[in-house]
Amino acid sequence: MTSIGYNEEDDVIGKAYDSELVGRLLQYIRPYSWRMALAILLLVLVTALTLVQPLLVQQAIDRDVANGTTDDMWWISALYLVVLVLLFVFTYAESLLLVQVSQRVMNDMRLELFRHLQRMSISFYDANPVGRLVTRLTNDIVALDQLLTAGALTILRDVCMIVGVAILLFVIDWKLALITLAMMPVLAFLMRWFAIAMRNAFRRQRLHTARMNAFAAEHISGMLLIQMFGRQKTDLVEFDENSGALQAANMSVVHQFAAFEPVVAMVSAITTGVIIVVGGQFVLDTELTIGQFVAFLTLVGMYYNPVREIADRFNILQSAMAALERIFTLLDEPEGVKDSAEAVDLPEKIAGQVDFENVRFAYTPGTWVLKGVSFRIAPGERVAFVGATGAGKTSLINLLLRFYDIQEGAIRLDGVNIATAKQHQVRRHIGLVLQDPFIFTGTIEENIRLRDESITTEQVRQAARLVGADRFINQLPDGYQHKLVERGANLSTGQKQLLAFARSVAFDPEVMLVLDEATANIDSETEALIQDSLERLTAKRTSIIIAHRLATVRGCDRIIVLNHGEIVEQGTHDELLALRGRYFKLWLLQQRDVPAEVVAPASGELAPG
Ligand code: M5T
Ligand code: MG
């Protein structure tokens, strides 16, 4: 098995700086710009105060120590203390401001992402694994936080520091400063070399992390199959390879880091050595005071700190840029069907008439899935759609729920073209009973009303009674307050189905859509129960039933036979049988399950899905 869950997009490694991305990020920071500005101001002040310290020491040495007095000690000490207190206050305020901005930006982005996800078309979710989308909302947003709190401003601080120190060095003694800066090209060369090596190491690290995660996610969710087919050994071998590659990549990152620090330390030590020799001579020549000499050495030490950390920052920037890019790519993904500005309101209650007028529709331009479908379903009428797999039944439902807009024709609900109506109102009038009912974590009652407060407890119970779900619910220890686990793992398939029915009924939609494939894998007793509740759920309600088993649709007022996106026959069960057309063939095929003498050999063209 190969890791098809692995996605190249996830290990794209961005540049450390991308002006377009940063420009977009700034839009998010704008609402908090005064906080940000204040943080930057404080940052500059903190740098300045840090640089003042060696200068104070210099004063103490030159004024007092060198002359064997303590006259100026008191004010220098006092000043030093003030500097320390200010440093504390400013640093504290700066971090606080930064974290505030960063947390707010993160929150804004998360909300925007989630809202965006809510508007994405259903086809988008077919193409994007849940895990990836969740990663956008979690890990990638965290990477952003790092960019704001640890990355961007720290680099600014480092730059301030380097520039500030360089200026002071020149102020103290330009000759000595020149000698110090002469070491710069060596350092620049080393840093560049390390940056490239580290970039590659990080890239490998991320690549292998992504691969291992994808492999693990896929093979853990497919554990049933793995155990069924006894693939544990081969799986373990492959996992071991992935994991080993990750280990190697991690080690190589560590190697780079381990080498970088001592190398910088060595350059720094050599520089210090040269300064001691040359500076010492300057002191002897009284060109430099002892205080200046000490301050100079301290400043040079400060100079190397940011340099040493630059590789770390570089890494943070890089992964943050990549995360930003992924977030923005997701945000740029076009949303599903949108309401137009002049979308009309549907009445609170409708009669429930559904019209399809010459509907033509294609998921991908050119491949028509529905080729001019027209029908009218009167209020309260129960209509079934049947047809071979791929005929377009599910598509029809998707269109009525307006998950997609059609290319030609019109779909009307009580005469109102749904393309011009507000989407959520259209869906409120339509109930959908899915083949694979989804259960949320929460109680039975919460699952029925889906946290809609307008549905009363009594309505919840009524709905459950109507579909016959109350029997099993009442047997549960906590009844309606019984807690369900994720995806309803503590319920049987039939129970989940009944619960989903109750949910559809509780919302009391005028039009009910039933995807009947649901009853495929349950025992005949439960099936009869579900069949029975389906009848009750669709009674006196406009209903559209998509069924594969014709037994389900026999009792419908009308059956419409779809074939390759076109209506080929319609009528009642008996009428259609009398026609001896496609429906008849389908019906014959299904009689094969039943020992009956009616069975005649049929062509396999219309195999039941
Ligand atoms: C009809 C294509 C599908 C088929 C045709 C849902 C869906 C379908 N299709 C897409 O390209 N994208 C989609 O998201 O449309 O498909 P259907 O409407 O699903 O057919 P059905 O419901 O009658 O079939 P079945 O198997 O459920 O009985 O060409 O590729
Ligand atoms: Mg279908």
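Helices are DSSP runs of at least four residues, numbered from the N terminus. The model shown in these views is predicted.

**View 1. Phe88 and Tyr92 form a stacked aromatic pair in this predicted model.** Both residues belong to helix H3, which covers residues 73-119. Phe88 and Tyr92 are four residues apart, so about one helical turn separates them. Their ring centres lie 6.3 Å apart. The angle between the ring planes is 15 degrees. Planes under 30 degrees apart count as stacked, so this pair qualifies. Are the two residues buried or exposed? Phe88 has a relative accessibility of 59%, so Phe88 counts as exposed. Tyr92 reaches 53%, and Tyr92 is exposed too. The cut-off for exposed is over 50%.

**View 2. Trp193, Phe194 and Phe260 form an aromatic cluster.** Ring pairs link these three residues. The count of aromatic pairs in the model comes to twelve.

**View 3. Helix H6 runs from residue 139 to residue 172.** This helix has 34 residues. At 1.5 Å a residue, helix H6 should span 50 Å. Where is the kink in H6 centred? The kink is centred on Leu147, and its angle is about 45 degrees.

**View 4. Four strands build an open sheet.** The strand order is S2-S1-S4-S5, and the pairing is antiparallel. Strands S2 (368-377) and S5 (416-417) stand at the edges. Each edge strand has a single partner strand, so one side of each is left without a neighbour in the sheet. Strand S1 (residues 354-362) pairs with strand S4 (residues 408-413). Five bridges join S1 and S4 in the antiparallel sense. Glu357 stands opposite Ala410, a residue of S4.

**View 5. Gln425 sits in helix H13, residues 423-428.** Is Gln425 buried or exposed? Gln425 has a relative accessible area of 9%, so Gln425 is buried. Buried means under 20%. Which residues does Gln425 touch, leaving aside those up to four places away in sequence? Gln425 touches Val344, Asp345 and Leu346.

**View 6. The protein chain is divided into domain 1 and domain 2.** Domain 1 covers 19-332. Domain 2 is made of 350-429 and 547-599. How many Å separate the centres of the two domains? Taken over C-alpha atoms, the centres are 61 Å apart.

How values were computed:
Residues numbered from 1 in each chain as written. Chains lettered and ligands numbered in written order. Predicted model: local features only at pLDDT ≥ 70, side-chain atom pairs only at ≥ 80, totals over all residues. Heavy atoms only, no water. Helix = DSSP H or I, 4+ residues; strand = E, 2+ residues; numbered from the N terminus. Expected span 1.5 Å × (residues − 1). Bend = angle between axes of the 7 residues up to and from the residue. Buried < 20%, exposed > 50% of the residue type's maximum accessible area, 1.4 Å probe, protein only. Contact = heavy atoms within 4.5 Å. Domains from an automatic or database assignment. Pairing = 2+ DSSP bridges. Phe/Tyr/Trp six-rings, centres within 6.5 Å; stacked < 30°, edge-to-face > 60°.
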